[in-house]
Amino acid sequence: MRINSLATRFLAISALWSIIALVVTALLLTTLYKNNAQKNFEGLLSAHLYNLMGAVDRDEAGVLVGSPNLGDPHFQQPFSGWYWSVLPLDKAVQSKGGNHLVRSPSMGGENLNTPDAGKVAFKDGFLRTFQMAGIQGESLTAVEAQIFLGEGDHLYRFLVTGNNAALDLETSEFTKNLVIFLALFGLGMVISTFVIIKFGLRPLNRAKGALNAIRNGEAERLEGEFPDEIAPLISEMNALIDANKTVLERARTQVGNLAHALKTPISVLKNEARAPGDDLAQLVDEQADNMQEHVQRYLDRARIAAQVGSINARTPVLPVVERMLRVMQRLNPQLQYEQIGDDSGALIFRGEQQDLEEVLGNLIENASRFASEQVRISISGPSQTDAKSKSSMIELAIEDDGPGLSKSQQSEALKRGRRLDESKPGSGLGLSIVDDIVHEYAGQVELSKSQLGGLKVSIYLPSIK
Amino acid sequence: MRILVVEDDKDLNRQLVEALTEAGYVVDTAYDGEEGHFLGDTEPYDAVILDIGLPEMDGISVLEAWRREKRKMPVLILTARDRWSDKVSGIDAGADDYVTKPFHVEEVLARIRALIRRSVGIASSEIEIGPIRLDTKLSRVSVDGKNIKLTALEFRLLSYIMHHQGKVVSRTELVEHLYDQDFDRDSNTIEVFVGRLRKKLATDLIETVRGLGYRIQSADNAD
């Protein structure tokens, strides 16, 4: 499996290491503890053994005497695993047995089979410690000593055993606690690693968010402060983005220049091909029209593409309106242009000045073409009372006192490339270009009848407060 | 009526000149901005057709320079850029109208006619003074409804005087506006042409103002 996330990578490595470290620690600690406990256990048994050896002796008749009291009640309980026994190694002596001192009550008269001295040797010929199975198969730790009692040559073996269950209980208790503690510790480590990674990698997430914003067209560069480790990467990215933009803009400019440069030869061809009834002329004219269409399509595309980068644009509305009106007055000195509404200059259009000029230019030109005397443009800001989507929109309305449009013509007018009145000069594309641009800004175009008698075109464009 | 065409494309320039000449205008041409600027600055034109994309000096700069130097002739700009932001910068620089490429020369002719009329304050494309009727669109003249055949120069002469009706037009002014820059000018020939024109029109509406020039009564006073 490939691990692509840095966070997962860190987390996996740290978890793996934690597990290994904790398991090793657990093994080490339990082993040490177990050894220690075993040693203590054997020490206890040895103490019992010395106690036993001190309390038992052999009289002259060869009978064992004394009153061994090892204190621990376990030696009284039958088959508890806690046993003691004193046995002569000499079979002849043994046969004289039957003495109550030979075995602990817990043995219930049974025998324990200790291993031969050949298998487990007596240390210094005196003491040995070993593991063995008890009367009922219980696991026992045994301490055995052999000493001479009485007149000297009668060797006796003193045996004390303890039940390993006590030892196991103790160590398992310890192991359980240890595992719980270490597991909690490990979990804590993983959680803290996770938090560290999350916190430590947060700048990367921010960088991701910033890149996303660029892709969605909400930002033009990677914005914000980044830590020293990735700051060079971020500035390289910004440089790359800038370089990209430059290349793109250059390409776009060249497309524009090429397209515009082609318009002159197209003009020449179209003018040259004005001979009526001539097949060649007609062909040239048609092909020139074709070329013109291609050129226009690419220019439109370049225009729309250029708009994507324009999210930070802000255009004061009033100066553009005034400029357009000044231009229109110059183009159409016979008409009266009137501007009403908000003239505080406070309205800001959230978009490119070129686009606002394009929209107003087309609309006012249309109005001027059809007006008989008067064109009126009104500006109104976002209204407080309107709770609908138009509430943050600037409304611009262009009216004329011309013939106007019927209801069906109005709905027809916004369709692409439709030209309502072929007799008037102009491309007829004005309204659909307007519609395109306004919609790119999520605005609206509405047609209605003007109080002046002609058409009223209202457009709604986003504003910046 | 004398017109300057500033367009660097040789073919388009020729087409415009041909169409304008055919319509009865006297035409000077320039193929780059500097030459165009010089001509517009020194010669009296009734209108200028100015391309925006010119070598040496771009159209907008030429236009701005003219306006700075108080040259007020109407200017029609030809531009390949059809965005309003481009048109607006042209008009803000002092253009009176614009035509976007590609265009048919007829459209340029129509705009030029309108610009010239507008510059002298005449609203209609047909100018009527007394029995004389001048159709600027079709370059035709009629007296009392009868078509009169005029030579190109005679038509230009009548057209200029009628466009400037009510004003005294000097011979020098006429020479400047009726001939292109290469013509060997002699203001005495004007007298001959005015005489022929009077004869053809069979009216005495064109009066001689001694020592100053010629005048035709404005339409309101003619009857």
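## Where chain A meets chain B

In this predicted model, 20 residues of chain A are in contact with 21 residues of chain B. On the side of chain A that touches chain B, the elements giving two or more residues are α5 (231–272), α7 (317–331) and α8 (353–370) of chain A.

The largest share of this side comes from α5(A), which provides 9 residues. When the residues on the side of chain A that touches chain B are sorted by class, 6 are nonpolar, 7 are polar and 7 are charged.

## A sheet in chain B

Chain B contains an open sheet of 4 strands, whose order is β6-β7-β8-β9 and whose pairing is antiparallel. Because β6 (126–129) and β9 (146–148) of chain B each have a single partner strand, they stand at the edges, and one side of each is left without a neighbour in the sheet. From one strand to the next, the twist averages 25°.

Within this sheet, strand β7 (residues 132–135) of chain B pairs with strand β8 (residues 140–143) of chain B in the antiparallel sense, over 4 bridges. Which residue in β8(B) is the bridge partner of Arg133(B)? That partner is Ser142(B).

## A helix across the strands

Helix α6 (residues 152–163) of chain B lies across β6, β7 and β8 of chain B.

Key:
Residues are numbered from 1 along each chain as its sequence is written. Chains are lettered from A and ligands numbered from 1 in the order in which they are written. This is a predicted model: local features need pLDDT of at least 70, side-chain atom pairs count only at pLDDT 80 or more; totals for chains, interfaces and linings use all residues. Two residues are in contact if their C-beta atoms, placed from the backbone, lie within 7 Å. Ala, Val, Leu, Ile, Met, Phe, Trp, Tyr, Cys and Pro count as nonpolar, Asp, Glu, Lys and Arg as charged, and the others, Gly among them, as polar. Two strands pair if DSSP finds at least two bridges between them. Axes are lines fitted to C-alpha atoms, for helices over the stretch in contact, and angles run from 0 to 180 degrees between N-to-C directions.
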